[in-house]
Amino acid sequence: MQCNQDMDYYMSLCLAIISILFLIRQFTYPAAYGKHVVTGKKQTYFMVPAKYGWFIQELPSFLVPVVVILYRQQCSSLGCKMLSFMFCGHYFHRTFIYSAFTRGRPSPIRIVLMAVVFCTYNGFLQGHCMIYVATYPKDWCMDLRFLSGVLIFCLGMGINIHSDHILRKLRKPSEVAYKIPQGGMFNYVSGANYLGEIVEWFGYAVATWSLPGFAFAFFTLCCIGPRACHHHKFYLQSFKDYPPERKALIPFIF
């Protein structure tokens, strides 16, 4: 595999363009999975159980960078270590832990397949950049961008995992009705789990200071930011006692 910085640039540019298209699409119609699956109509597409769906669609984001690392046959650079502990660490949790405990609803097969394509694309982009292109000075670990980025990443990951835990505990395994989430960042925003993931990937982008990292953070914002707004609207329409002070995504603001 050849080191090709231009390839990373154009792949990142493509990801940014896709992000804008997703933003426009998501503000109009939320992706049809979870609470936004259309009910009351005869389903003509195959539905994948949540546990299998999340495992299948998240696996490429973990597996592809690992394959890139194994192909290089060494992981001594700082870029490789950041990729391993931050990017692969997140997706190890999403693939093997989150998917095993999720109590979400089944997802349409097309949503799962689209996610597989994206996670393969992004996993290769992040892996190739951090292994073959990114270079850092010896004192990068003491740089304010690295230190603040790692701190923001850990904060976001903590919010994301804690919020997912709160959502899982809302319903017993046999229950399907939605309830108002309480506790943690859900006291301030309806999309606390989405807020955590957005913060997490902007932290990763700052720590790596890479174009693919910022392109992925921008995609995350454009993809799940509007979904948090749709969730907020769903809660307001479904529950008359929904806390009026709670915002959609950004505490006290929006």
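Guide: Accessible areas are computed by the Shrake-Rupley method with a 1.4 Å probe, and for residues only the protein chains shown count as cover. On that basis the protein chain has an accessible surface of about 13,400 Å², with 68% of it belonging to carbon and sulfur atoms. The model is predicted: local features need pLDDT of at least 70, side-chain atom pairs count only at pLDDT 80 or more, and totals for chains, interfaces and linings use all residues. Residues are numbered from 1 along each chain as its sequence is written, and side-chain values use heavy atoms, with hydrogens and water left out.

The protein chain has seven helices and two strands, where helices (H or I, at least four residues) and strands (E, at least two) are DSSP runs numbered from the N terminus. Their order from the N terminus is α-β-α-α-β-α-α-α-α. Of the 254 residues in the protein chain, 48% are buried, meaning under 20% relative accessible area, whereas exposed means over 50% and partly exposed is in between (1.4 Å probe, protein chains only). A contact means heavy atoms within 4.5 Å. Of the contacts in the protein chain between residues at least 6 apart in sequence, 82% join residues at least 24 apart.

Now the rings. A pair of aromatic rings is described by the distance of the centres and the angle of the planes. Rings of Phe, Tyr and Trp (its six-membered ring) pair if their centres lie within 6.5 Å; planes under 30 degrees apart count as stacked, over 60 as edge-to-face and the rest as tilted. The whole structure holds 23 aromatic pairs. One of them joins phenylalanine 87 and phenylalanine 216, edge-to-face, at 6.1 Å centre to centre and 65° between the planes. This pair links distant parts of the chain, since phenylalanine 87 is in helix H3 (residues 78-101) and phenylalanine 216 is in helix H7 (residues 211-238), 129 residues apart. Both phenylalanine 87 and phenylalanine 216 are buried.

Tryptophan 201 and tyrosine 204 have ring centres 5.5 Å apart and planes at 85°, so this pair is edge-to-face. Both residues lie in helix H6 (residues 192-208), three residues apart, about one turn of the helix. Tryptophan 201 counts as buried because its relative accessibility is 0%, and tyrosine 204 counts as buried at 0% relative accessibility.
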